[in-house]
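Morning, everyone. Please bring up the sequence and the model side by side, and follow along as I name residues.

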Amino acid sequence: MEVEAGKSVCRSAEVDDDGRIKRTGNVFTTTTHIITVVVGAGVLALAWAMAQLGWIPGIITMIIFACISIYTYNLIADCYRYPDPINGKRNHTYMQAVHAYLGGTMHLFCGLIQYGKLAGITVGYTITSSTSLVAIKKAICFHKRGHRAYCKFSNNPYMIGFGVLQILLSQIPNFHNLTYISTVAAITSFGYAFIGSGLSLAVVVSGKGEPTRIFGNKVGPGLSEADKIWRVFSALGNIALACSYATVVYDIMDTLKSYPPECKQMKKANVFGITAMTLLFLLCGGLGYAAFGDHTPGNILTGFGFYEPFWLVALGNVFIVTHMVGAYQVLAQPLFRIIEMGANLVWPRSDFINKEYPTKIGSLTFSFNLFRLIWRTIYVAVATTIAMAMPFFNEFLALLGAIGFWPLIVFFPIQMHIQQKQIKRLSLKWCVLQLLSFVCFLVSVVAAVGSIRGISKNIKKYKLFMYKQ
């Protein structure tokens, strides 16, 4: 009896109250995951967004997006457990939470948006990585041959190389094994953001900065009123994407230890992560715009606003690639997991889907699963092929931001909160929440329209798979 009791104590120390693996995450690790996801290469596109909006609208827009994000992500944190935020049953995915609070139809809508956006972001990260790898080669080329030299290279080989690396990393079984990768990615994200900001600051301090305006790029011979409006719409999409981690919020939250309550820890991490994010956004966006004015490139490190010191430009792009390697997995793992959970439910007795094969290579011990190996490899290959066919940095980021902002960051959190707190229909709070949701819906629509127009214009300019940067 004593032996059985001892085994029971050991098992309880290794698992949570619902029988799942014991969680050890805390506010620090959660903040790290948030920063890894939100401080992506999109931060380097914020100078371009600022150039379209101008100083006052640009700064106000970033602050408003940050405030909305903190509020709605805190609502999401309270819905991690159902029906009580402290003692209720855990929802391990965003879809589970939506299903618990809003029912089956909303559950399907949420899944379509969430996992569609995750898939899109992995394509976007493949584009970003190849763009930075080409930028490293161009920095060396310009340094050796001069700034007017022909230094254009195909992105395709770099996308393929990045895809091969992601096929290997995708065999990491689950999100809980990504802490070290996520930490390295978060550190490098600050590295390239500070390099971009530092180079911009050097231009401004040297007195070589371009003229800027309160309301952004001036309409004139090179910019029609219609193009100005479309660019503003696309800029809103870029900022919206930069604020987003809703696609993996519950996967991040599911790493938190159960005491203190997950919702309280997550709210602190939301504040720390989004505050750090906003300060970095304002720094990069503001300094980049101050340096380049109307000629601000789509990405201040890959658009070659800077040529020297070439090694620092190259180092910044190395940091971008390093970050993309980790961030790709942080965002792809939830997509991998939902497909594998579904396959397990449909074919619970299939060895092909469920059997693990322990393997040892030297001192390295790991296990692989045939279904995981084949399906994840196919997924990465398809994402890489799509990226090679449509390598447009700013427009693609803007479209992803527009698609996910309203439903995932605003609509679902507000509707779940209304249901959880039983807020009466047409009460003052209900009306205010619905107004906020409607305004954000309009922002998503105009941002999506602007980015789609930008993509359609670019597609007409080049042949598929023949893009050179």
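A residue is called buried when its relative accessible area is under 20%. Over 50% makes it exposed, and in between it is partly exposed. Keep in mind that this is a predicted model.

Is Cys284 buried or exposed? Its relative accessible area is 1%, so Cys284 is buried. Cys440 has 3% relative accessibility, so it is buried too.

How many disulfides does the structure hold? One. Its partners are Cys141 and Cys151, with the sulfurs 1.9 Å apart. Cys141 sits in helix 6, which covers residues 104-145. Cys151 lies in the loop between helix 6 and helix 7, and helix 7 covers 156-169. The two cysteines are 10 residues apart. Why is this disulfide called left-handed? The torsion about the S-S bond is about -70°, and therefore it is left-handed. Both partners, Cys141 and Cys151, are buried.

Next stop, helix 3. Helix 3 runs over residues 46-53. How many of its residues are buried? Eight of its eight, so the helix is mostly covered. Among them are Leu46, Met50, Gln52 and Leu53. Trp48 is another buried one, and so are Ala47, Ala49 and Ala51. Just after helix 3 comes Gly54, with a positive phi of about 95°.

Where is Thr296? Look in the loop between helix 11 (262-292) and helix 12 (310-346). Its relative accessibility is 7%, so Thr296 counts as buried. The Thr296 side chain also reaches the backbone oxygen of Gly293, at 2.6 Å.

Last, the surface. Find helix 16, residues 428-459, and locate Val445 in it. Val445 has 35% relative accessibility, and that is why it counts as partly exposed. Val445 belongs to a nonpolar surface patch. An α-helix has 3.6 residues a turn, so residues three or four places apart point the same way.

How values were computed: Residues are numbered from 1 along each chain as its sequence is written. This is a predicted model: local features need pLDDT of at least 70, side-chain atom pairs count only at pLDDT 80 or more; totals for chains, interfaces and linings use all residues. Side-chain values use heavy atoms; hydrogens and water are left out. Patches are made of residues with over 30% relative accessible area and no salt bridge: like charges are joined within 9 Å, nonpolar side chains (Val, Leu, Ile, Met, Phe, Trp, Tyr) within 5 Å. Accessible areas come from the Shrake-Rupley method with a 1.4 Å probe; for residues, only the protein chains shown count as cover. A salt bridge is a side-chain nitrogen of Lys or Arg within 4 Å of a carboxyl oxygen of Asp or Glu. Helices (H or I, at least four residues) and strands (E, at least two) are DSSP runs, numbered from the N terminus. Buried means under 20% relative accessible area, exposed over 50%, partly exposed in between (1.4 Å probe, protein chains only). A disulfide is a pair of cysteine sulfur atoms within 2.5 Å. A polar contact is a pair of N or O atoms within 3.5 Å; within protein, one must be able to donate a hydrogen and the other to accept it, and residues adjacent in sequence count only if both atoms are side-chain atoms.
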